[in-house]
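Please take a look at the picture first, and then we will walk through some of its parts.

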Amino acid sequence: MSLKIATWNINGIKARIERLQDWLKQAEPDIVCLQEIKSVDENFPSSLFEDMNYNVAVHGQKSFNGVAILSKLPFDEVLPRLPGDEADEQARYLEAVISVPSGALRVASIYLPNGNPVDTEKYPYKLAWMDRLTNHARDLLGNEEIVVLAGDYNVIPEPGDVHNPEAWVGDALFRPETAEKFRSLVHLGLIDALRASSGEDGLYTFWDYQAGAWPKNNGIRIDHLLLSPEAADKLVRCDIDKHTRSWERPSDHVPIWIELDL
DNA sequence: ATGTCGATACTTTATCGA
């Protein structure tokens with residue numbers, strides 16, 4: 001069984017309903033992790049996606065953040081919130097377990113904190129959130145399952161993942177401490193799906209709305225699918241749906257997806 | 001040189017977050 005699993009920060013479900021539906025029809029993903037839905041659960045248009053034969057799991061929040069998962073296959077389990085801080089109210093993590101022929105597939109939709117400006121409480125919150133994610137990933141890897149941690153990590157892993165590195169020096173997405181924590185996560189034994197399929201530089205998933213970033217290809221790679229070894233063994237392909245950035249009223253992010261042979 | 005977008009509220013413009 002071949003499964004296509006995608007992640008896309010849509011920057012507001014209300015503003016992106018039509019774009020998302022168009023892309024679903026065109027790309028036909030089996031599982032989609034969405035970030036920045038910027039909607040409470042009750043206002044998420046689940047029925048539109050149910051009509052397209054998706055099961056829908058939502059962990060929303062008013063105005064900001066919010067994550068969701070759409071899946072053609074039913075959910076065995078749905079787990080909102082990243083463990084490690086009961087006081088954290090921000091809707092940035094949703095995990096689902098789905099039965100596949102080779103066993104259980106665990107998929108997470110991640111919206112890692114941006115962390116800017118770095119001289120505010122936002123940056124330590126980001127770093128602490130990354131520590132929590134690393135701790136949780138360590139637990140998951142111990143179960144030797146097929147795990148896909150997909151989402152907007154707000155992390156530029158390497159200088160080759162940014163068009164103009166000088167412009168990002170000091171930014172929360174590119175600070176050495178940020179890259180170091182991302183490496184600690186990956187070094188638990190996760191595989192960056194895009195890097196497993198291409199060593200090419202200049203593959204981006206985000207272009208800012210400002211200053212003509214898209215026509216200048218002034219992009220960054222911050223949306224990632226990190227795979228457990230059991231998932232990486234099944235990896236067939238990883239690609240970026242860059243064309244969606246040139247659509248009318250686009251998200252500033254584009255979908256990135258993998259195909260797994262399960 | 002500048003350049004944007006989406007959601008919200010004591011709304012028709014300002015503010016915040018990205």
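## Terms and ground rules

Two strands are said to pair if DSSP finds at least two bridges between them. Helices (H or I, at least four residues) and strands (E, at least two) are DSSP runs, numbered from the N terminus.

The model is a predicted one, so local features need pLDDT of at least 70 and side-chain atom pairs count only at pLDDT 80 or more, while totals for chains, interfaces and linings use all residues. Residues are numbered from 1 along each chain as its sequence is written, and chains are lettered from A and ligands numbered from 1 in the order in which they are written.

## One open sheet

Let us begin with a sheet of six strands, which is open and has the order S3-S4-S2-S1-S14-S13, with mixed pairing. At its edges are strand S3 (55-59) and strand S13 (235-240), each of which pairs on one side only. From one strand to the next, the twist averages 15°; angles here run from 0 to 180 degrees between N-to-C directions, and axes are lines fitted to C-alpha atoms, for helices over the stretch in contact.

Strand S13 runs antiparallel to strand S14 (residues 256-261), and five bridges join the two. One of the residues to look for is Leu235, whose bridge partner in S14 is Leu260. Strands of a sheet pair through backbone hydrogen bonds, either parallel or antiparallel.

## Another open sheet

Six strands also form an open sheet in the order S5-S6-S7-S8-S12-S9, again with mixed pairing. Here the edges are S5 and strand S9 (191-192), each pairing on one side only.

Strand S5 (residues 75-80) and strand S6 (residues 93-100) are antiparallel and are joined by five bridges.

## Two helices side by side

How do H3 and H5 pack? Their axes are 9 Å apart, at an angle of about 10°. H3 and H5 are therefore roughly parallel to each other (angles under 35 degrees count as roughly parallel, over 145 as roughly antiparallel, 65 to 115 as roughly perpendicular and the rest as oblique). On the H3 side the contact is made by Leu127, Met130, Leu133, Thr134 and Ala137, and on the H5 side by Glu177, Lys181, Ser184 and Leu185; residues are in contact if their C-beta atoms, placed from the backbone, lie within 7 Å. By class, this contact has five nonpolar, two polar and two charged residues. Ala, Val, Leu, Ile, Met, Phe, Trp, Tyr, Cys and Pro count as nonpolar, Asp, Glu, Lys and Arg as charged, and the others, Gly among them, as polar.

Is Leu185 buried or exposed? It counts as buried because it has 21 C-beta neighbours inside 10 Å; the cut-offs are 20 or more other C-beta atoms within 10 Å for buried and 12 or fewer for exposed, with partly exposed in between, and C-beta atoms are placed from the backbone. Leaving aside neighbours within four places in sequence, Leu185 is in contact with Met130, Leu133, Thr134, Ala137 and Leu190. Leu185 and Met130 are 55 residues apart along the chain, yet their C-alpha atoms are separated by 8.0 Å.

Most residues other than glycine have a negative phi, and most peptide bonds are trans. The bond from Asn116 to Pro117 is cis, with omega near -10°, and Pro117 sits in the loop between strand S7 (103-111) and helix H3 (122-142).

Lys38 has a positive phi, near 50°. Its loop lies between strand S2 (31-35) and helix H2 (46-50), and Lys38 counts as buried because 21 C-beta neighbours lie inside 10 Å. Ser63 is not a glycine either, but its phi is positive at about 75°. Ser63 belongs to the loop between S3 and strand S4 (67-71) and is exposed, with 9 other C-beta atoms within 10 Å.

## Around the DNA

Which residues are the closest to DNA strand B? They are Gly12, Lys14, Ser63, Tyr209 and Ala211, among 15 residues that surround DNA strand B. A residue is near a molecule or strand if its C-beta atom, placed from the backbone, lies within 6 Å of it. By class, the surface near DNA strand B has four nonpolar, six polar and five charged residues.

Notes:
Contact = placed C-beta atoms within 7 Å.
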